[in-house]
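Here are my notes on this one, in the order I worked through it.

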Amino acid sequence: MKFSRTYGLQEIAKIIDVSFVGDEKFPVEGMNEIHVVEPGDIVFVDHPKYYSKALESAATIILINKEVACPEGKALLISEDPFSDFNRLSNHFRAFRAASESVSSSSSIGENTVIQPNVFIGNHVKIGDNCLIHPNVTIYDHCVIGNNVIIHAGTVLGSDGFYFQKRPHGFDKLNSVGRVIIEDHVEIGAACTIDKGVTGDTTIGWGSKLDNQVQIAHDTVIGKNCLIASQVGIAGCNVIEDEVIIWGQVGIKSGLRIGKGAEVYAQSGIGMDLEPGKAYFGSPAIEARDKFREMAMIRSLPKLIEKIKK
Amino acid sequence: MKFSRTYGLQEIAKIIDVSFVGDEKFPVEGMNEIHVVEPGDIVFVDHPKYYSKALESAATIILINKEVACPEGKALLISEDPFSDFNRLSNHFRAFRAASESVSSSSSIGENTVIQPNVFIGNHVKIGDNCLIHPNVTIYDHCVIGNNVIIHAGTVLGSDGFYFQKRPHGFDKLNSVGRVIIEDHVEIGAACTIDKGVTGDTTIGWGSKLDNQVQIAHDTVIGKNCLIASQVGIAGCNVIEDEVIIWGQVGIKSGLRIGKGAEVYAQSGIGMDLEPGKAYFGSPAIEARDKFREMAMIRSLPKLIEKIKK
Amino acid sequence: MKFSRTYGLQEIAKIIDVSFVGDEKFPVEGMNEIHVVEPGDIVFVDHPKYYSKALESAATIILINKEVACPEGKALLISEDPFSDFNRLSNHFRAFRAASESVSSSSSIGENTVIQPNVFIGNHVKIGDNCLIHPNVTIYDHCVIGNNVIIHAGTVLGSDGFYFQKRPHGFDKLNSVGRVIIEDHVEIGAACTIDKGVTGDTTIGWGSKLDNQVQIAHDTVIGKNCLIASQVGIAGCNVIEDEVIIWGQVGIKSGLRIGKGAEVYAQSGIGMDLEPGKAYFGSPAIEARDKFREMAMIRSLPKLIEKIKK
């Protein structure tokens with residue numbers, strides 16, 4: 001999430017009442033999670049195991065629970081509880097606002113776009129031209145929808161990411177303040193759920209088509225002209241490159257990259273990066289031809305065992 | 001889809017501005033996909049590989065991209081782009097109309113039927129007597145619901161089929177203009193999705209019961225007194241015969257026939273026709289007793305390998 | 001389900017027009033299914049195979065289709081069709097009432113709770129303080145939601161259990177008249193479905209977090225601080241103890257106990273009780289380390305077979 005203007009380090013420190021290391025005017029432009037940070041961003045870290053990763057990331061402001069040596073060209077915010085202070089900051093810059101109407105007047109809707117009855121459109125949503133939003137769709141605040149997009153009934157865009165940290169008293173939630181971006185010519189089936197990014201964006205690329213009951217988690221980026229069949233679940237922070245085909249009921253673990261034009265057969269479970277242009281099958285999945293070979297081998301075993309016993 | 005009256009071949013050719021082979025008054029009664037065509041129907045074909053299948057189908061009018069020899073008793077419509085012209089025709093005969101109200105006044109609702117709040121009912125929907133439609137259900141245009149039907153909250157009936165053709169510029173959609181037919185005494189759980197037929201009907205047969213989050217794709221026909229457990233996904237153009245039982249999270253590939261009284265155990269993946277009265281398991285599924293034998297064999301392998309090594 | 005007051009045996013017999021064995025003032029306090037009955041409850045049984053189980057259960061009133069010897073301290077209701085008479089009773093004590101508004105005035109909503117647009121709240125629902133109910137959520141009659149609960153868009157709480165009995169003319173439904181109980185600090189994702197208990201309660205325990213598209217069937221009890229990832233399906237009458245973690249697309253069969261702190265890896269199918277603190281994988285699942293060993297063994301087979309052939 002980028003802020004609406006550049007803040008000084010001291011201003012930010014004041015909002016969450018923490019001390020800082022660095023110039024009081026050190027520029028702060030936004031806040032993001034570690035995997036999407038850019039210069040000008042705040043990142044948070046609260047475990048020594050991840051200190052160096054955070055300090056060496058592209059982020060230039062590190063919200064940290066120990067006063068460590070500050071890397072050159074960066075600044076520190078010293079907090080007893082970086083997780084909670086990151087939440088306080090995101091809440092300061094993008095607090096949830098209850099809706100006062102079904103379609104917020106702060107949202108914009110393009111020409112020739114049809115919004116069917118019982119649709120909810122939150123605050124600051126942008127919808128392009130020639131779209132068709134079917135009944136009972138929910139679009140949370142800050143979502144962005146391009147032109148010529150079709151969204152079928154009951155689909156939810158922009159629900160919170162499933163991101164919790166175990167703490168002594170139970171699970172604490174990391175606020176979700178990112179967005180969902182739907183590019184032009186996308187069609188999304190009925191009863192799909194696409195979570196917003198935690199601080200960044202969840203994106204469905206140009207021309208991609210999603211069948212019914214597809215789940216896309218926070219911060220995942222789907223490329224252009226992908227086909228995703230029904231009941232597929234894609235976890236968070238994945239990169240699905242262009243022209244990927246994913247058949248029904250596939251599950252994909254978080255943090256992976258699915259190469260351009262890869263194809264995943266139905267009911268597969270993906271736990272590793274996939275190479276471009278190849279086909280995969282199984283749970284856990286391997287290359288489809290290897291899986292088919294393995295299956296044939298298993299089918300041939302009883303005869304082999306019979307032979308050996310003789 | 002049947003037209004509201006019989007058209008002459010020339011009338012149809014004029015709508016999409018193409019030439020034709022056959023009598024100008026050759027009767028045209030509807031348009032359908034290859035797997036559901038009847039005499040009087042238009043079918044389209046745009047690849048030489050499928051020419052003979054289309055020409056020899058029950059359809060009597062073939063929308064084709066080459067002037068081939070016309071089979072006796074049939075007619076041809078010659079188009080440069082049969083896919084797009086088929087879409088233009090279906091759009092002409094059953095164009096999408098945006099709703100002007102949550103429950104269309106062109107729809108009919110039977111006696112003693114309860115429609116709970118926040119339900120959407122599109123144009124030309126028919127709902128029988130003694131039904132209970134729970135909140136936030138969406139019923140698209142032209143759906144037909146019998147008597148004594150219960151539909152739980154959030155369910156979507158009549159969303160578009162997931163039917164796209166890859167073209168140089170991306171995926172083109174085949175218009176969905178068919179219907180969903182729900183017969184008497186059916187109960188459908190919450191957050192289910194049942195797509196309309198592309199030109200034909202998706203049907204849920206008498207007395208069948210669907211649990212929550214079930215997905216039924218376009219043109220699939222479910223028989224009478226079937227039980228379908230939660231999170232099952234059934235792809236398009238399937239025939240599920242009467243009294244079939246399908247347990248949770250099963251997936252069924254398109255274009256198959258599941259024999260009467262067959263039972264499919266949970267999480268199975270069905271990629272072939274199933275015989276009546278038998279039980280199946282696995283992904284991909286085989287007969288359940290064979291799968292259990294295979295599983296036992298695999299469990300016994302380590303000991304066998306130990307022996308062999310000795 | 002407990003009645004609002006204690007009834008006498010004769011009063012109950014009169015409602016469903018059956019004879020009885022026992023004192024006419026024998027106290028009747030409620031009605032429940034066999035697995036949740038307590039003293040004062042009516043239970044029903046209609047097959048000799050289950051007579052002794054029903055007669056020896058904690059229930060003190062047995063609705064039965066044969067006049068058997070009445071156990072001491074208990075009473076009998078003699079019915080030709082206990083299934084239908086149990087339905088008639090539940091319908092008498094908790095009949096479905098059609099809603100006359102989107103948010104029933106018989107429901108109570110706590111302080112600082114936000115109800116977003118297009119939410120349906122049925123009759124006699126209780127919602128605590130500081131909750132956030134997102135758009136297009138459906139909450140059926142009698143659900144109880146604690147404090148600090150978040151429910152995302154499109155989720156359905158309290159739909160009917162999937163409970164049918166095969167009868168000569170088709171499937172008959174056992175009425176669902178129980179409740180859904182959501183304890184404090186629970187968060188439920190988008191497009192989830194949680195069925196009410198048939199006569200008892202379906203419960204999500206303190207601090208548990210459910211991702212999107214999760215299905216929880218009737219009478220299942222989820223403990224405290226559980227994590228349930230997207231597209232998990234949990235069948236009816238399960239007990240999930242505290243701090244259990246269930247990853248995406250897992251399915252759990254009915255009537256099982258998942259021990260405290262157990263972890264189930266993605267896409268697993270659970271068909272047996274799980275021990276506390278252990279990890280499980282596979283469909284059907286076994287202990288994860290055994291499954292991984294089995295997978296390694298299968299991968300090593302081709303080489304072994306090669307050797308043997310030599």
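Predicted model: local features only at pLDDT ≥ 70, side-chain atom pairs only at ≥ 80, totals over all residues.

1. Domain 1 of chain A puts 9 residues in contact with 10 residues of domain 2 of chain A. On the domain 1 side, helix 3 (residues 82–93) of chain A is the biggest giver, with 4 residues. By class, that side of domain 1 of chain A splits into 3 nonpolar, 5 polar and 1 charged.

2. Now for chain A as a whole. The secondary structure comes to 4 helices and 34 strands. Along the principal axes, the C-alpha atoms of chain A fill a box of roughly 80 × 55 × 35 Å. Chain A has 310 residues, and 52% of them count as buried. If you look at contacts in chain A with a separation of 6 or more, 24% are between residues 24 or more positions apart.

3. Moving on to the sheets, I used chain C. One open sheet has 8 strands in the order 7-10-13-18-21-24-27-30 (chain C), and the pairing is parallel. At its edges are strand 7 (108–109) and strand 30 (257–258) of chain C, each of which pairs on one side only. Strand 7 of chain C runs parallel to strand 10 (residues 126–127) of chain C, and 2 bridges join them.

4. Chain C has another open sheet of 8 strands, with the order 9-12-15-20-23-26-29-32 and parallel pairing. Which strands are at the edges here? They are strand 9 (120–121) and strand 32 (269–270) of chain C, and each pairs on one side only. Within this sheet, strand 15 (residues 156–159) and strand 20 (residues 193–195) of chain C pair in the parallel sense over 3 bridges. C:Leu157 has C:Ile194, in strand 20 of chain C, as its bridge partner.

5. Next, how the copies relate. A rotation of 120 degrees, with 0.0 Å of shift along its axis, superposes chain C on chain A at an RMSD of 0.0 Å. The two copies are therefore related as by a three-fold rotation axis. Chain A can likewise be laid on chain B by a turn of 120 degrees and a shift of 0.0 Å along the axis, with an RMSD of 0.0 Å.

6. What does the contact of chain A with chain B take from each chain? Chain A brings 32 residues and chain B brings 33. On the chain A side, the largest share comes from helix 4 (residues 288–309) of chain A, with 5 residues. The residues of that side divide into 12 nonpolar, 17 polar and 3 charged.

7. Last, the contact of chain C with chain A. Here 33 residues come from chain C and 33 residues from chain A. Helix 4 (residues 288–309) of chain C gives the most to the chain C side, with 5 residues. The class count for that side of chain C is 13 nonpolar, 17 polar and 3 charged residues.

How values were computed. Residues numbered from 1 in each chain as written. Chains lettered and ligands numbered in written order. Pairing = 2+ DSSP bridges. Contact = placed C-beta atoms within 7 Å. Nonpolar A, V, L, I, M, F, W, Y, C, P; charged D, E, K, R; others polar. Least-squares fit on C-alpha atoms with pLDDT ≥ 70 in both. Buried ≥ 20, exposed ≤ 12 C-beta atoms within 10 Å, placed from the backbone.
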